[in-house]
Amino acid sequence: MKFTIDVLGIFLKVVVRINKVTFAPLVVSTLFILLTSLLAHCARRLVQKTIKEPFVRLLLEEAIAAAELCGCCFELIIVADNFGVATYAIYLFALTIWWSLNWGDATACPYTHIEDVIEGRGDIRKALIKTWAELGGGLLVFKYVQMYWALEIAETHRNKAFEDCTADLQVPALYGAIVEGVATCLCRLASRSLSDLNPRYSTAIDSFIGTSLVVAGVLTRHTVLTYRYEDSSANPDLSVSVYCKVHVGKAFDYSGGYFNPVLATSLKAGCEGHTLMEHAMVYWLGACAGSVLSVYLYKLPVIQKYVRGTTEVNGDSIWADKED
């Protein structure tokens, strides 16, 4: 406890001095993210040294990981709103790599436990307990974030601590659930492929894919793809005309693009704009359905053939088991 207080005191002195001298709110946000990661890292090491029972230790690690994830993402919202999507993407990419290297067996994501149950690597009871641990960490961390925002060290934090939040869901809950489900399915398929292929820089590649799925909605928000097909049949009664119009990058406009039920609940549950039932349908049912679908899709012969075929390709590549 004393160590935590000392670290927090040093942190506040540093950010106050930097902010007074340079007026750099991005530095304040960066230092807060670093502090959050440092405190989570210390808590994780403490748990690993003091808790001997494996399952209890894993529960605490899940709670710590969820708190770290949600605490950093609260500040990432500030970064995205004030410093742009590119800055947000860089921070998220770096954080995702850090989390992958430091969380160990913790995932801070409930649908990974559902996948374990489906594939026979876990049971429902333990999956539910892990989910409760993650929810606890994700929800409790807001008080920590709120305490920091209330200090208003940077202009970007002004009035943020007690501000009423608004939901990101802009469409009917069913549409939002489909968006979250499809994106989650794609993300999990990519993760499974990387796990089996074991490329040399798998952590960085997985982080890049996850970050790309999150920010793609903003970067391509106004992009529209169209496809038109005209059948030039001699018989006008049998002619066919197809016109397809797809709005690319709508995840943020539709649902917010969280792809993690605990993260979405920590950041947006109870916000104005949707009911708790709609929130559960979009961010829990949608994401979990996409994750479960990825388990069965990945077993399809066409996907397995592609994955196995990729590992047989040689050349200047990133695959760990191949010589360049």
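Trainee: Leaving aside neighbours within four places in sequence, which residues is T156 in contact with?
Mentor: T156 is in contact with P25, I78, N82 and F83, where contact means heavy atoms within 4.5 Å. This is a predicted model, in which local features need pLDDT of at least 70 and side-chain atom pairs count only at pLDDT 80 or more, while totals for chains, interfaces and linings use all residues. Residues are numbered from 1 along each chain as its sequence is written, and side-chain values use heavy atoms, with hydrogens and water left out.

Trainee: Why is T156 called buried?
Mentor: Buried means under 20% relative accessible area, exposed over 50%, and partly exposed in between, with a 1.4 Å probe and protein chains only. T156 has 11% relative accessibility, so T156 counts as buried. You can find T156 in the loop between α6 and α7.

Trainee: How do you know which stretches to call helices and strands?
Mentor: They are DSSP runs numbered from the N terminus: H or I over at least four residues for helices, E over at least two for strands. The chain comes to twelve helices and two strands, in the order α-α-α-α-α-α-α-α-β-β-α-α-α-α.

Trainee: And which residues of helix α5 are buried?
Mentor: In α5, residues 110-118, the buried ones are P110, Y111, T112, H113 and E115. They pack against α3 (54-83), α6 (124-151), α7, α10 (261-268) and α11. Just after α5, G120 has a positive phi of about 80°.

Trainee: What makes C165 and C271 a disulfide?
Mentor: The term asks for a pair of cysteine sulfur atoms within 2.5 Å. The sulfur atoms of C165 and C271 are 1.9 Å apart, and the two form a disulfide. A search of the whole structure finds one disulfide. The link of C165 and C271 is left-handed, with -105° about the S-S bond.

Trainee: Why do you say that this pair ties parts of the chain together?
Mentor: C165 is in the loop between α6 and α7, and C271 in the loop between α10 and α11, so the pair joins parts 106 residues apart in sequence.

Trainee: Are C165 and C271 buried or partly exposed?
Mentor: C165 has a relative accessible area of 32%, so C165 is partly exposed. C271 is at 2% relative accessibility, so C271 counts as buried.

Trainee: At what angle do α7 and α11 pack?
Mentor: α7 (residues 173-197) and α11 (residues 276-298) pack at about 35°, with their axes 7 Å apart. The axes are lines fitted to C-alpha atoms, for helices over the stretch in contact, and angles run from 0 to 180 degrees between N-to-C directions.

Trainee: What is the handedness of the crossing where α7 passes α11?
Mentor: A crossing is left-handed if the near helix is turned anticlockwise from the far one by less than a right angle, and right-handed if clockwise. The crossing of α7 and α11 is right-handed. The residues of their contact divide into 13 nonpolar, eight polar and five charged. Here Ala, Val, Leu, Ile, Met, Phe, Trp, Tyr, Cys and Pro count as nonpolar, Asp, Glu, Lys and Arg as charged, and the others, Gly among them, as polar.
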